[in-house]
Amino acid sequence: MLKAKIVIVGPCDSGKSVLANFIAEASDITGSAYHPTQGVRILEFESSGSWNGNRTTTADIELWDCSGDPKFDECWPAIAKDANGVVFVYNPDKLAHEKELETWYSHFVYSQGLKDAQCLLLCNFKPSTAVKRVTVPDVLAKVRHVDSNLDTDPDGVKRDFKALLVKVFSSISHRQNEEELSIIQ
């Protein structure tokens, strides 16, 4: 069975946990008060799709919902270890999120040797979001960037996550093929 570890990261109060719960179908997402994640939460679920192009299979997904609080940054290397993909989430109303996104990219993509194709950048519109103010840093220019709004387009969030999984499983398959070839040679 296919398996993937996806880390969902970003600044505090960007909506990571709500999105993680929605993607994993873990709980109701409506009307709950803000409760910051302490350290990390791991949600495990199955997802069906045509990951290798031809037939539909089920994959085991670990979605690691990482706290945006910098006081947990000492935990980041352990959280990032063996990650196959990264979802960045930010709130377009908060200008400080722009600089923080660079830090998250450096720790979770660059230092782990992941490719931009294994990443997804979600501009998370909440009901209170007025205008898109954050400019995405240049370092994230090649990362797929989409707007997400669970109120107006919940299916879009799931569709974008599934598209990320296709890229992640393609990368895993490519890496496994390279390892097998190196053993043969």
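These notes walk through the fold, point by point.

1. **Ground rules.** Please keep in mind that this is a predicted model, where local features need pLDDT of at least 70, side-chain atom pairs count only at pLDDT 80 or more, and totals for chains, interfaces and linings use all residues. Residues are numbered from 1 along each chain as its sequence is written, and side-chain values use heavy atoms, with hydrogens and water left out. Helices (H or I, at least four residues) and strands (E, at least two) are DSSP runs, numbered from the N terminus.

2. **The sheet.** Six strands form an open sheet in the order S2-S3-S1-S4-S5-S6, with mixed pairing; two strands pair if DSSP finds at least two bridges between them. Strand S2 (40-49) and strand S6 (144-148) are at the edges with a single partner strand each, so one side of each has no neighbour in the sheet. From one strand to the next, the twist averages 25°; angles run from 0 to 180 degrees between N-to-C directions, and axes are lines fitted to C-alpha atoms, for helices over the stretch in contact.

3. **How the strands pair.** S2 and strand S3 (residues 57-66) are antiparallel and share ten bridges, with Ser 47 partnered by Ala 59 of S3. S1 and S3 run parallel and are joined by seven bridges, and here Ala 4 stands opposite Ile 61 in S3. S1 also pairs with S4 in the parallel sense, over four bridges, and Ile 8 stands opposite Val 87 in S4. S1 is mostly covered, with six of its eight residues buried; buried means under 20% relative accessible area, exposed over 50%, and partly exposed in between (1.4 Å probe, protein chains only).

4. **Helices across the sheet.** Helix H3 (residues 97-110) lies across strand S1 (2-9), S3, strand S4 (85-90) and S5, and runs at about 170° to S4. H4 lies across S1, S2, S3, S4, S5 and S6, at about 125° to S1. Contact here means heavy atoms within 4.5 Å.

5. **H1 against H4.** The axes of helix H1 (residues 16-24) and helix H4 (residues 154-184) come within 10 Å and cross at roughly 80°. That makes H1 roughly perpendicular to H4; on this scale, angles under 35 degrees count as roughly parallel, over 145 as roughly antiparallel, 65 to 115 as roughly perpendicular and the rest as oblique. H1 brings Leu 19, Phe 22 and Ile 23 to the contact, while H4 brings Pro 154, Val 157, Lys 158 and Phe 161. By class, there are six nonpolar, no polar and one charged residues (Ala, Val, Leu, Ile, Met, Phe, Trp, Tyr, Cys and Pro count as nonpolar, Asp, Glu, Lys and Arg as charged, and the others, Gly among them, as polar).

6. **H1 is well covered.** Eight of the nine residues of H1 are buried, so this helix is largely enclosed by the rest of the structure. Among the buried ones are Lys 16, Ser 17 and Asn 21.

7. **The nonpolar cores.** A nonpolar core is a set of buried Ala, Val, Leu, Ile, Met, Phe, Trp, Tyr and Cys residues joined through side-chain atoms within 4.5 Å. In the largest, of 26 residues, Ile 6, Ile 61, Leu 63, Val 87 and Phe 161 touch the most other members. S1, H1, S2, S3, S4, S5 and H4 each supply at least two residues, and H4 gives the most, with seven. A second, separate core has 24 residues, including Cys 66, Phe 125, Leu 140 and Val 143.

8. **Two residues to look up.** Ile 61 touches residues including Ala 4, Leu 43, Ser 47 and Phe 169. Leu 120 lies in strand S5 (residues 119-124) and is buried, at 2% relative accessible area. The neighbours that Leu 120 touches include Val 87, Val 143, Asp 160 and Phe 161.

9. **Loop residues with positive phi.** Most residues other than glycine have a negative phi. Asp 13, in the loop between S1 and H1, has a positive phi of about 60° and is partly exposed at 24% relative accessibility. Asp 82 sits in the loop between H2 and S4, has a positive phi of about 65°, and is exposed at 57%.

Definitions and conventions:
Lists of a residue's contacts leave out its neighbours within four places in sequence.
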